[in-house]
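Please open the model in your viewer and keep the selection tool at hand.

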Amino acid sequence: MLSDFLQLMLQELLLTIIIFILLFLKLSSKELSKVNLLNIINLLLLINLIGGFFTTNSGTLFGDMFQTNDLLIFEKNILNVGVLIISLQSYDWLKTHKHLVEFYILMLSTLLGMYFMLSSNNLLMFYLALELSTIPLAALTNFDLEKRQSSEAAFKMIISSAFSSTLLLFGISLLYGTIGTLNFVEIPAALNGSPLQLFSFILLLTGFAFKISAVPFHLWTADVYEGAPVAVTSYLSVISKGAVLFVFTSVLYTVFEPLSTSWYNMLFLLSILTMIVGNLFALRQQNMKRFLAFSSIAQVGFILIGISGQNIVSTASVVFFIVIYLFSNLAAFGVLTIVSAQTGKESMNDFNGFYKTNPTLSWVLALALFSLAGIPPTAGFFGKFFLLLAGASKGNYLLITIAALNMVVALFYYLRVIQAIFMTKNEKPIEKIKVHLFPKLALLLCVIGIICTGIFNTVYNYIFSLLK
Amino acid sequence: MNEISINHILFLSTALFFIGLYGLFTRRNMITMLMAVELILNSVNINFVAFNKYLFPERLDGIFFTIFIIAIAAAEAAVAIAIIINLYRSHQSIDVEDATEMKY
Amino acid sequence: MPLCGFVVLGLFGKKYFSKSSGVIGSLLLLTCTLLALYTSYNYFIVEGPINGTYPTLTVFHITWLSFSNNLSIDLGILMDPISVMMLVVVTFISFMVHLFSIGYMKGEERLATYFSFLSLFTFSMLGLIISSNLFQIYIFWELVGVSSFLLIGFYFEKPAAVAASKKAFVVTRFADLGFLIGILLLGYYGDSFEFSTLIRQLTDTQSLQFTAITTASFAGVSILTWSLILIFMGGAGKSAMFPLHIWLPDAMEGPTPVSALIHAATMVVAGVFLVARLFPLFSIAETALNIVTFVGLISAFLAAVIACTQTDIKRVLAYSTMSQIGFMMFAIGSSNVGIENSLGYTASLFHLFTHAFFKSLLFLAAGAIIHIVHSNEMKDMGGLRKYMPITHLTFLIACLAIAGIPPFAGFFSKEEILLAAYHSNKIVFFIALITSGLTAFYMFRLYFSIFWNKQKELHHFHHEGTWTMKLPLVLLATCSVLVGFIPFGKYISFNNKVAASHFDPIFSIAPVTIAVAGILIALWIYKNESNKAKQLAVSFGSIYRAAYHKFYVDELYLFITEKIIFNLVGRPAAWIDKNIVDGMMNGIANSTQNISFLIRKVQSGKIQHYLLYFFAGIISMLVVFIYLWK
Amino acid sequence: MEISLLPLILIPLFTVLAMLLPNSQKQIRTIALLGSIAQLIFSIALFYFYIVEREAGNLAHFYFENNITWYAPLNINFHIGVDGISIAMILLTAFVVLAGVLVSWNMEHRSKEFFFLLLLLSLGAYGFFIALDLFTLFFFLEVAVIPKFLLIGIWGSGKKEYSAMKLVLMLMGGSALVFVAFAGIYFDSNINGTPTFDLVQIASLNLPIAVQKLFFPFAFIGFGIFTALFPFHTWVPDGHSSAPTAASMFLAGISMKLGGYGCLRVATYLMPEAAKEYSTIIIVLAIIAIIYGAFATMMQTDLKYINAYSSVSHCGFVLLGIGILTKTAIDGAVLQMVSHGLMTALFFAVIGMIYDRTHSRQVAQLGGLLKVLPFISTAFVIAGLCSLGLPGLSGFVAEVTVFVGAWEKVDLFYRIVTILACASIVVTAVYILRATGSVIMGPLKNKEHAILSDASWNERLAVILLVTVIIAIGISPFWLKDLLSPGTEIIINKLLIK
């Protein structure tokens, strides 16, 4: 029993230990300089990441409350990679921040929450994990303590997330009322598609839709992304979103499989709305973070299409796309983090003529944006292609056509940024930026990811083998 | 016919739910909004307990869930209030209408 | 046997195209000429008629571009009397012109280019003559057109020259459109582009192709006729037949020797040559043949009338060329199958032959004159006979020849033509008669007003030009005296049979008298400076003016192109593209932008609105998925 | 005689990578030049080996095939191979790219990025022409689009941002439609249970008629946008005129051919029934493009616009040939692709040279250049003559083939169409001669132009390169014809089944 416990929950335990270490560090951080702290922390995260790769067990704990298997472990590792990259990128920002340990503690506890959410095998567990991964984020959002926007964003986030979670709970309660169980394993058998169940399911769905910010439950996203510190924004847009998407997929495919016809229609509607609205809003954004927020909303639309394929290929494609999306988006945010940390500039116009002064960063950003737009040879192309292919497997070509045309619209606003960087004349562009080693590493990692993940088939095949 | 049926309780909880919603949508004071959220949560709690008691008495899932909800609600409220305080520092007000800088 | 001659010749054609100095050019051409003469000697004399028919040899034949199993463009060399005859003409005249040019173009810094163009032209002309199938003809046809375009536009800094070259090219191009379509038609129905095959398949009334092409009809006229008419359209374009003649006068902007070569002797008769080539087909399509006749007739007459009024010496010659070609055309048109009436065919080719000599002579002489006077206007000339006796003499000979005075070359050929016309159709005959009278008249008008008349004082005296300029004149003069005596019919007739040349002194009285009359009138008017001419002009009044303005054909064309094509088609197309089609594309983009601007209000920044939308979303989903979308 | 096609992709790839290392403009351009020369040599070698193979009696459809599994779960393979058509296209690309590198030899401003992107484009084109797997095809298709945005936007002239954006968006719109078509084909092509992207396999099993009818328009319009299908041609003028010389050479010379090739290889080849179904519409659109493009050209005053619109008109011939669906016509279409590619590349090169010297592309401002720039002017005239279809140059061969092909269809509609198409060559003559007459001939309009210097060695080389090929095709088209006909033969046979 205990050995089981130790083995199956290895990642969670590791993370918890790290959090505790951080606590002690915090207590004794008087004599440690910030730089050393950061070095130590990143080292710990690296250990965590590596540790993740040595756990290959599957099984359940606590009377089916907690489950784990290779796919989940892989997903957790993806999250680890993301967290590591983010922490490396936000080096410059954190160096100057006085609460950096708290930052990490909060972030890692949300990560822990996501772990549990992934592994949750029971609605109660799921709810707990969800809250664990949400509430600290609200605090993180407020981490630019003296910035008005930051606290406004935090407020909006906490209220809306509280609201969504209440609705989620309401849904859960109704579901519980109809079928009398919270266990994922038992739910499918009991589902019969009665209106009340549909009602509760819709409430559940909106809970997810809120987290992955699908239209019309997305409105908090832009404001929060804009207000939050860049590091947190990237965390929100990649890690938490990714985690929820993983869970969403598995829950839909396993737990609510009996309702698949109705949720296919819902996804159909949601994805179209999400793509169109996301794109339309992204068209005219000036603030880079806000722009990326909406672009990520549009991305979610595509992911929903992928999910709607509901077969093994589509699961693989979704996971694969999230990996790529993680690299691309983090690359974009990384450049943004560096720039805003050193110059405090986040508006698109500030990037005019950026290429003249910082060619390398410009190319990285361009690469990231191309990948987000799904342009070969970047990995984004493959991700998009497979997603849409998965979606098309249902033979719903209207959906695919709309999606394909939306990709063109999306391309337009990504190209706007490229245009600003490379073409627009600017007397005094952002001056030459000196990049520290850690962010460099992070960006390098992203670029490698962007280029190699697609052209070489290893990642995809690995995911696929996990699903078999 | 003096014993209370589940319907009454559900009615109560639903009423609570909508009262909470109403408060959330209309109140302009942030703290009040928070209270409204609590109302909704409580309606959920009532639901759980009621279902558990009336429909599935043999297991205690609902009860446990309620307990957890209460706990988490507390945590949530704590964080929320902390944020609101911080917001008050910068905005000198806890009126929702004042926290609308970021739009479009 | 003649193969070698031609291969060498073709090679030379290529080679001296790249080489480019006058002397080399001329020398190479000399060799070509000799080769050509040699070949023709072989062909006609040595080989001789095999049982009374001259063989049609196809030498050296490769597939150039194959379309379907039996339809393909080949390159080949076809040898029959007319091609051999043309060969001699082209090479000889071209040689003369080269020679003349050496003197004429002296001091021109782009001499090399000039000669290379000239040689290119000769090459493509030869190619045209010897080509063995329709498409090959078309190919060289185009090449000829381009080289003439280049040569006309040789003085590229003169806007007039550029305009003329453009005009020439576009007009002929337009004509070639018809030609091309005609070729396609014939090729499709005749299942081949080869002359030999085509003629064989289409002339025997049993063959599939024959039935196909004659039964298939468009607008009530059989396809055969259509295709032939279209092809003739091409020919008319090149040979400046009415109404496609407008480019010829302007083409005189080019260097005079070029006019002599291209626009007198060789290229312009390509049309006649083409018709002659396809004569067997024409002869089974009555309508087409008649069209040929009347087009020829009209242009002959009109051109003659216009020629009487022009004052630019080269233009006069140009119009006379046009009218002469008109003669050939209606001659060939007025002859149809039948031993007797094939006369016209022979006659026209005979006239083509002789005309080449004296017309190029005329042009070269004119060139010599212009060389000295530095002007094309008649009124700047006068009494030149003292200064340039040789030119004077040769010019006189040429005039006599073209006027058809025995025993000069023109007499024989023209007489035959008239005879043919007489046999086929009386009206044609009379018009032709008048026209020949007019010819005599305007030629001598030219002659007298240049060489006699009151002498204008020249700015400074010139000698008559180098021997290279005189020699060609003399040679050509002799030719135009002598070639008439060649018993032409013996060599060339429509079925390559040896036919006796019909020469009928009695008949020839009429034309001769008419011609003499013309000359006398000219003499009376233009011998001395007098105002008879003006009186005459006045007395003719409107006709004169109309003729002077070339019957306003140019203006008509100008109107059509500028007003209709450009304004009514071109501009709208451009406009539509700019505003409508493109506007549509941009419209999509803009509307997207606008929508995104409109819906921005949704993101109001008020948290409670967000929550409201959130809840509304849920409610609508409930409505949709629980009640509507089961 | 078995050789691998991979070098065709690897050579540009390595060139591009090698270019990242050095920084001096000289080294970079040298690398670029060497790379493109190597590419040309390899292409010619390919051509030679192909001939050898055929001589050896190898009658396979595709030669030198190479099938590497890429994404096994989705049954996506990196499948490449060539037939005559692709080889012709590859040769075209090689020539144009080399010429482009030569023309932009003196590019100082960000030369590294410039050559990098240019060769990236060529990489895309090569990949596209050898791909036998729809996924691979699509991959390279898009690779060949995006660099144009940067090329036009950074090095372009005029309203470059607008044009670049417009061009890329329209082309990507096209490829979006293509994607939909591919997805449809993919799921409707079940080789024993697993859907496939493999072009050969899909061709082997005939798609259901309904599927063909549904997806043919997607594929055809999608590719059609690339090759200026009538209502979607508006990116052509702006894009071409704003692009830097080499880019517009590539644009008009090659990427417009991507579309034609795609229409042929994917739309017509995989969905013959639908092709027959829609052929009338295609023909009508093509004719509109031809005539109306020609007339629109007459009104242009900017040399690049003139050439751009004439490209619309000429590419109309490609679509016409494809729409007519007779072997000869399709031959003609491919011939036209090659010939137009060379001709228009030459044209843009010359226009670029003129622009570099006179800093003007307005017909009204130029004149009498023949006196000061004899070489360039001659090249201009040659390009012009080729474009108006002069025998002895490649244009004539292609157009005549299309005409004859169109003529093989009997009924009146096709007749009229053909005659209209023929009529367009007269209009072509008009506008070409107008341009030539006022730019090259006539008196020297602008006195400053009197001191201009004629073409430098690299420009001469580029021009000679292109002219040689144009004349080679014009004088002896049969070699190209023989190269193409096996490929078209197979496409036609597929059309003639049932």
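What follows is a walk through a predicted model, from chain contacts to helices, a hairpin and some backbone details.

**Where chains meet**

Begin by displaying chains A and B together, where the contact takes 30 residues from chain A and 33 residues from chain B. On the chain B side, select helix H1 (6-26), helix H2 (30-54) and helix H3 (61-91), each of which supplies at least two of the residues that touch chain A. H3(B) gives the largest share of that side, 17 residues, and the side as a whole divides into 25 nonpolar, five polar and three charged residues.

Next, bring up chain C beside chain A, where 25 residues of chain A are in contact with 20 residues of chain C.

**Into the core**

Now select Ala331(A), Phe95(D), Ala99(D) and Leu346(D), the residues that touch the most other members of the largest nonpolar core, which holds 643 residues. Helix H15 (residues 312-343) of chain A contributes the largest share of this core, 20 residues. Around Ala331(A), leaving out residues up to four places away in sequence, look for contacts with Val364(A), Leu367(A), Ala368(A), Leu443(A), Cys446(A), Val447(A) and Ile450(A).

In chain C, move to Leu317(C), which is found in helix H15 (residues 313-334) of that chain. Leu317(C) counts as buried because it has 28 C-beta neighbours inside 10 Å, where 20 or more are required. Beyond its neighbours within four places in sequence, Leu317(C) is in contact with Leu362(C), Phe363(C) and Ala366(C). Its C-alpha atom is separated by 8.5 Å from that of Ala264(C), 53 residues apart along the chain.

Select helix H19 (residues 457-475) of chain D, whose 19 residues reach 26 Å from first C-alpha to last, close to the 27 Å expected. Its buried residues include Ala462(D), Leu466(D), Val469(D) and Ile473(D). Turn the view to look down the axis of H19(D): the buried residues fall within an arc of 160 degrees, so they line one face of the helix. On the other side of H19(D), Trp457(D) and Thr468(D) are exposed. To see part of what covers the buried residues, show helix H14 (327-358) and helix H20 (478-496) of chain D, which are among the covering elements.

**A hairpin and its turn**

Still in chain D, select strand S1 (residues 63-71) and strand S2 (residues 76-82), which run antiparallel and are joined by six bridges. Ile68(D) stands opposite Phe78(D) in S2(D). The two strands form a hairpin with four residues between them, and Asn75(D) in the turn has a positive phi of about 60 degrees. With 18 C-beta neighbours inside 10 Å, Asn75(D) counts as partly exposed.

**Backbone details to finish**

Most residues other than glycine have a negative phi, and most peptide bonds are trans. Leu325(D), which is not a glycine, has a positive phi of about 65 degrees and is found in the loop between helix H13 (303-324) and H14 of chain D. Returning to chain A, check the peptide bond from Val215(A) to Pro216(A), which is cis, with Pro216(A) in the loop between H10 and H11. Finally, another cis peptide bond joins Pro376(A) and Pro377(A), and Pro377(A) is placed in the loop between helix H17 (359-373) and helix H18 (379-392) of chain A.

Technical notes:
Residues are numbered from 1 along each chain as its sequence is written. Chains are lettered from A and ligands numbered from 1 in the order in which they are written. This is a predicted model: local features need pLDDT of at least 70, side-chain atom pairs count only at pLDDT 80 or more; totals for chains, interfaces and linings use all residues. Two residues are in contact if their C-beta atoms, placed from the backbone, lie within 7 Å. Ala, Val, Leu, Ile, Met, Phe, Trp, Tyr, Cys and Pro count as nonpolar, Asp, Glu, Lys and Arg as charged, and the others, Gly among them, as polar. The expected span of a helix is 1.5 Å times one less than its number of residues. A residue is buried if 20 or more other C-beta atoms lie within 10 Å of its own, exposed if 12 or fewer, and partly exposed in between; C-beta atoms are placed from the backbone. The arc is that of the directions from the helix axis to the C-beta atoms. Two strands pair if DSSP finds at least two bridges between them. A nonpolar core is a set of buried Ala, Val, Leu, Ile, Met, Phe, Trp, Tyr and Cys residues joined through C-beta atoms within 7 Å.
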